[in-house]
Amino acid sequence: MLRAATCDDAEGTWAYRRLPDVNEWLTGTFDTYDDYVTQFTDPDRLAATVIVERHDATLIGDFMLRRQDAWAQSDVAARAAAQEVELGWVLDPAHAGHGYATEAVEELLRHSFEELCVHRVVASCFTANVTSWRLMERLGMRREAHTRRDAFHRSGQWLDSFGYALLADEWRRDRTDSGGLTSR
Ligand SMILES: CC(C)(COP(=O)(O)OP(=O)(O)OC[C@H]1O[C@@H](n2cnc3c(N)ncnc32)[C@H](O)[C@@H]1OP(=O)(O)O)[C@@H](O)C(=O)NCCC(=O)NCCS
């Protein structure tokens, strides 16, 4: 089940987000639980956070769905307003490897295209984050950028990134062609 996050989800998400293997590729970091709660409950962040629960109501992940303006020339910018969604994902490793993230992101794509009616969905990751880009490929997202040493990692290294996207047209075409998920 997917639902909107609340301040009360800070503790449940902290349980896995504090693990070094989970935090390795994430942007945010925190020194204490109080720091984490302050970040998690920031109203902008909370509004973009989707909680993933299993059928038995166990919290297994927190994903991001952030609606934003697409790039446009200034005279037509109003027509591109809120036409893009950026997605992100963090799954409790205790529940990895069962397809839960795939199922959740498939629904976020459907919601973005069918209910929010956006033109394009984007997501990005470090190239070294193999499970993340494999997830995007499994969902039929298209790799459209491989940027060289564009992102500074807390290890002290400049790392490469991948940018993925899916257009509303592509999503509809893939669903028509395959009757559901696209696997590549
Ligand atoms: C990225 C992340 C969400 C991917 O999690 P995941 O467990 O690989 O994804 P899923 O839950 O969709 O599971 C897919 C795996 O389950 C398998 N699977 C089993 N049943 C499945 C099903 N019914 N449907 C799809 N996959 C299934 C798949 O084959 C796949 O395994 P494989 O990679 O060995 O082929 C997870 O690694 C994570 O949270 N990482 C830490 C945080 C992070 O890096 N976030 C991204 C920052 S950019």
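The term here means a side-chain nitrogen of Lys or Arg within 4 Å of a carboxyl oxygen of Asp or Glu. Aspartate 62 lies in strand E3 (residues 59-68) and arginine 17 in helix H1 (residues 10-17), so this pair ties together parts 45 residues apart in sequence. Helices (H or I, at least four residues) and strands (E, at least two) are DSSP runs, numbered from the N terminus.

I noted that this is a predicted model, where local features need pLDDT of at least 70, side-chain atom pairs count only at pLDDT 80 or more, and totals for chains, interfaces and linings use all residues. Residues are numbered from 1 along each chain as its sequence is written, and side-chain values use heavy atoms, with hydrogens and water left out.

Next I checked burial. Aspartate 62 and arginine 17 are both buried. Buried is under 20% relative accessible area, exposed is over 50%, and partly exposed is in between (1.4 Å probe, protein chains only).

I then looked up glutamate 144. Its side chain meets that of arginine 120 in a salt bridge, 2.6 Å from N to O. Glutamate 144 sits in strand E6 (residues 142-152) and arginine 120 in strand E5 (residues 120-126), so the pair ties together parts 24 residues apart in sequence. Glutamate 144 also forms a salt bridge with arginine 142, again at 2.6 Å, N to O. Glutamate 144 is partly exposed, at 38% relative accessible area. Arginine 142 is partly exposed too, at 26%.

Glu84, Arg120, Arg142, Glu144 and Glu170 are joined in a network of salt bridges. The count for the model comes to 16 salt bridges.

I turned to the ligand. There are 20 residues around the ligand, and Trp89, Leu91, Gly97, Thr102 and Arg134 come nearest. A residue counts here if one of its heavy atoms lies within 4 Å.

I listed some N or O atoms beside ligand oxygens. A backbone N or O atom of glycine 97 is 2.8 Å from a ligand oxygen. For a backbone N or O atom of glycine 99, the distance is 3.0 Å. In asparagine 129, a side-chain N or O atom is 2.9 Å from a ligand oxygen. Taken alone the ligand exposes 950 Å², and the protein buries 69% of that. These areas come from the Shrake-Rupley method with a 1.4 Å probe.

Notes: A polar contact is a pair of N or O atoms within 3.5 Å; within protein, one must be able to donate a hydrogen and the other to accept it, and residues adjacent in sequence count only if both atoms are side-chain atoms.
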